[in-house]
Amino acid sequence: MMQGFYGSSKLLSLYFIIALLLVCSAYAELRTFELNISRGSLNPDCYERGYTGLLVNGQFPAPPIRVTKNDHVHVIIHNDVDSNHSTTIHYHGILQIGTPEADGVPGLTQVAIQPGETYHQRFQVIDQTGTYYYHAHLGLSDDTVSGPFIVYESEDAWPSKDNKKKLKDGPYEYDDERTLFLSEWWHQTEQERMDYIMGTNYRGMVGADSYLINGKAVYSRESGCEYPTIDVEPQKVYRVRVIGGLTLAVVGVSFARHNLTIIEVDGQLVKPHSVSYLEVAPGQRFSVLLTTDQPAADQSYFIDTKPYYIRETESNGRAILRYNTKLPATTASVDEHPKFPPPTPQWHFADLAPFNPPSIDLEKEADRTIVIKPMEKVMADNTTAWLLNDRLYYPSDGTNKAHPPLLAKFIGNDGKDFVSKQQQRLEADSFDPDIGAYTLQFNETVDIVIHTTAIANGVCIGHPWHTHGHYHYVLAHGAGEYVHEQDKDLRTYQTAIARDTSFVYPVQPGPPPRTAGNTLCGWSKIRIYTSNPGVWPLHCHITSHMVQGMMTVLVAAPDKLSLL
Ligand SMILES: [Cu+2]
C-alpha cells in the first residue's frame with residue numbers, strides 16, 4: 001500500500017513538472033547568444049609583462065548574458081581553433097530542469113568542445129531569477145572564461161536606458177543596477193599553473209597576484225594605471241550584483257562609508273539584512289542595495305577587498321565608487337573602512353532569512369545521508385590529489401571523443417538496462433563503483449555531510465561546495481567528525497536559505513586550528529531534494545581542488561533519464 005502511494009506521488013510530481021513546463025513555455029521568449037572563445041592578449045592588472053589568455057568574444061570578463069525568467073536560451077559556442085584548449089560552458093546556478101545535457105560538464109554531460117568546433121546548448125531558465133554567472137568547466141580556464149548571467153523577473157525589471165522608472169524585484173525597489181564581478185589573476189599562464197597543480201612540486205596553492213574587480217586591478221601604484229570605477233548618481237538606490245567569479249580565495253568586500261543591504265543570495269531573495277561588508281566565496285553571488293547618500297561633488301570612495309582563509313591577507317583588489325565622473329580614477333579621496341572586520345567564522349549566514357519559505361521539507365528525517373570525507377594525498381607518482389572517502393574521482397575527464405559522457409549511459413533503452421543492472425552494484429551509501437557516482441531515487445530527501453580536513457601542514461582549510469542541478473539548504477554544522485546517531489537531528493540554522501554554493505568553514509566555531517595532517521576538522525550538512533533527473537556534479541569551487549579530484553557525482557532519478 002505504501003509502495004503504491006509513493007509511486008503515485010512520484011507520478012504526480014512528474015505531471016506537475018510537465019504542467020509547469022507547459023505554463024512556462026506559454027510566456028517565454030527565445031534568446032540566442034553566440035560565444036566565441038579565442039586566445040588574446042590580456043593585462044588586467046597593468047603589470048609590465050604581456051600575457052595571453054582565453055577570452056569570450058574578445059572580452060574579459062565575458063560579456064553579460066541577460067534573460068527574463070522562463071526564457072528559452074540557445075547558446076552557440078565557437079571554440080576558436082587557436083584557443084589550443086578544449087572547453088565547456090556551465091551556467092552556474094541555473095538548474096537545467098529537464099535539460100541535464102546542457103549543464104556543460106565534460107565527461108558527465110558532454111564531450112568537451114574541441115578547438116575549431118561549434119557547439120549548441122539549449123535550455124530554459126524555469127522559474128529562476130537573480131544573479132548567476134557562466135564559466136568554463138575544464139582545467140583552469142574559468143580564470144578568464146567567466147561572465148555574468150542575469151535573470152530578470154519580468155520585462156519590466158530590466159534596467160531602462162533613460163533610467164527614469166523604478167526597478168522592482170519582489171518587495172525591493174531601486175533606481176538602477178551595477179555589477180561587481182570578482183576574480184583572481186596570476187602572473188603565470190594557465191599551463192604553468194596547471195603544471196604546478198598537477199605536478200610533483202605541488203606544495204599548496206599560492207594566492208593570486210591580483211584581485212580583479214570587473215576584470216581590472218592596479219598591480220603597482222607607480223604604473224599610473226586607473227582603478228576600475230563604479231559610476232553612480234547621488235541620492236539614488238542601486239542594486240549591486242556581486243559575483244564571486246573567484247577560483248581560490250574567499251574575498252571580503254567593503255565600500256568606504258557605505259552600508260550594504262543584502263537582498264539576494266545565489267538567486268534567492270532574502271529579507272533585508274544590513275552589513276558593513278560582504279564575504280564572497282568562489283561561486284557565490286549576492287545582491288546588495290547601496291544608497292548613494294554621501295557627499296558627492298568632490299569625493300570618491302574606495303571599494304576594497306580582502307582575501308580570507310588563505311595564507312595571503314592583503315589584496316590589491318580596489319575599485320572606486322564615483323558620484324562624479326570628472327573625478328580621477330587613479331585614486332579615491334575616501335579610504336575609510338572602519339567596520340572592515342577580521343575573518344569571522346560563520347560570518348552572518350545564520351542571520352540571513354529567505355524571503356520565500358523553503359521549497360522542501362527541512363524538518364523531516366532524510367531518506368538518505370551521504371557522508372563525505374575529503375583527504376589530500378600524495379600519490380605514488382608524487383602528484384597531489386584530493387580523495388573523497390578514499391576514492392579518486394574517476395569519471396572521464398571528458399576531453400576524449402572516444403568516451404561518451406556518463407549521462408549517455410542512462411539514456412534510451414540501453415539506459416533502462418543499465419539502471420536495472422546497477423541495483424546489484426550499489427554500495428551501502430548508494431555509491432556505484434562502476435561509474436564513480438552516487439545514485440539517488442526520484443524525489444528523495446538527501447542529506448550530504450561534507451567534512452573539512454587538515455592538509456599536510458596541519459591547517460584546516462574551508463571549501464566552497466557547489467551543487468549542480470539542485471539547490472541545497474545548509475542544515476547544520478559541527479566540529480570534528482560527524483556522528484550520525486548523535487548529530488542526525490541537529491539544526492544549526494533556523495532560517496536556512498536555498499543556495500547553490502556554500503562555504504564549508506574550516507571548523508566551527510573559532511579560528512582555524514593547527515592539527516595533524518588528515519584530521520577531520522569539522523563538517524557542514526546540506527540537504528537536497530532530488531526533483532531534477534540528471535547526472536550532477538557536487539564539487540569544491542576552488543578550481544585547483546576540483547581538478548585535483550575534489551568532486552563527485554550525484555545521479556538523480558536514473559530511471560527517469562531513459563525517457564529524455
Ligand atoms: Cu576546495
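Two strands pair if DSSP finds at least two bridges between them. The legends below refer to a predicted model.

Figure 1. Strand β1, residues 30-42, and strand β4, residues 72-79, run in the parallel sense and are joined over 8 bridges. Strands of a sheet pair through backbone hydrogen bonds, either parallel or antiparallel.

Figure 2. The bond from phenylalanine 60 to proline 61 is cis, and its omega is near -5°. Proline 61 belongs to the loop that lies between β2 and β3 (65-68).

**Figure 3. The loop between β5 and β6 holds glutamine 96 and glutamate 117.** Glutamine 96 is not a glycine, yet its phi is positive, at about 55°. A residue is buried if 20 or more other C-beta atoms lie within 10 Å of its own, and partly exposed when the count falls between that limit and the one for exposed residues, 12 or fewer. Glutamine 96 has 23 other C-beta atoms within 10 Å and is therefore buried. Glutamate 117, with 15 other C-beta atoms within 10 Å, is partly exposed. In sequence, glutamate 117 and asparagine 79 are 38 residues apart, whereas their C-alpha atoms are 5.5 Å apart in space.

**Figure 4. Strand β7 pairs with β5 and with β8.** Strand β7 comprises residues 130-136; 7 of the 7 are buried, so the strand is largely enclosed by the rest of the structure. The pairing of β5 with β7 is antiparallel and extends over 4 bridges. Here tyrosine 91 stands opposite tyrosine 134 of β7. Strand β8, residues 146-152, also pairs with β7 in the antiparallel sense, over 6 bridges. In that pairing histidine 135 stands opposite serine 146 of β8.

**Figure 5. Domain 1 and domain 2 meet at a contact with residues from both.** The chain is divided into domain 1, residues 30-343, and domain 2, residues 368-561. Their C-alpha centres lie 26 Å apart. Domain 1 contributes 38 residues to the contact, and domain 2 contributes 40 residues. On the side of domain 1 that touches domain 2, there are 20 nonpolar, 14 polar and 4 charged residues.

**Figure 6. The largest nonpolar core has 137 residues.** Those with the most contacts inside the core are Leu182, Val242, Val280, Val288, Ile303, Val553 and Leu554. Both domain 1 (30-343) and domain 2 (368-561) give residues to this core, so it lies between them. Leaving aside neighbours within four places in sequence, leucine 554 is in contact with Ala437, Tyr438, Leu440, Trp536 and Leu538. In soluble globular proteins, nonpolar side chains tend to be buried together.

**Figure 7. Strands β27 and β32 pair in an open sheet of 5 strands.** The strand order is β22-β27-β32-β29-β30, and the pairing is mixed. At the edges are β22 (368-372) and β30 (498-499), each of which pairs on one side only. Strand β27, residues 445-453, and strand β32, residues 520-529, are antiparallel and share 9 bridges. The bridge partner of threonine 445 in β32 is tyrosine 529. Threonine 452 is also placed in strand β27. Threonine 452 counts as buried because it has 24 C-beta neighbours inside 10 Å. Threonine 452 and proline 374 are 78 residues apart in sequence, but 6.8 Å apart in space from C-alpha to C-alpha.

**Figure 8. Asparagine 389 has a positive phi.** The value is about 50°, although asparagine 389 is not a glycine. Its place is in the loop between β24 (384-388) and α3 (412-422). With 15 C-beta neighbours inside 10 Å, asparagine 389 counts as partly exposed.

Technical notes:
Residues are numbered from 1 along each chain as its sequence is written. This is a predicted model: local features need pLDDT of at least 70, side-chain atom pairs count only at pLDDT 80 or more; totals for chains, interfaces and linings use all residues. Helices (H or I, at least four residues) and strands (E, at least two) are DSSP runs, numbered from the N terminus. Domain bounds come from an automatic or database domain assignment. Two residues are in contact if their C-beta atoms, placed from the backbone, lie within 7 Å. Ala, Val, Leu, Ile, Met, Phe, Trp, Tyr, Cys and Pro count as nonpolar, Asp, Glu, Lys and Arg as charged, and the others, Gly among them, as polar. A nonpolar core is a set of buried Ala, Val, Leu, Ile, Met, Phe, Trp, Tyr and Cys residues joined through C-beta atoms within 7 Å.
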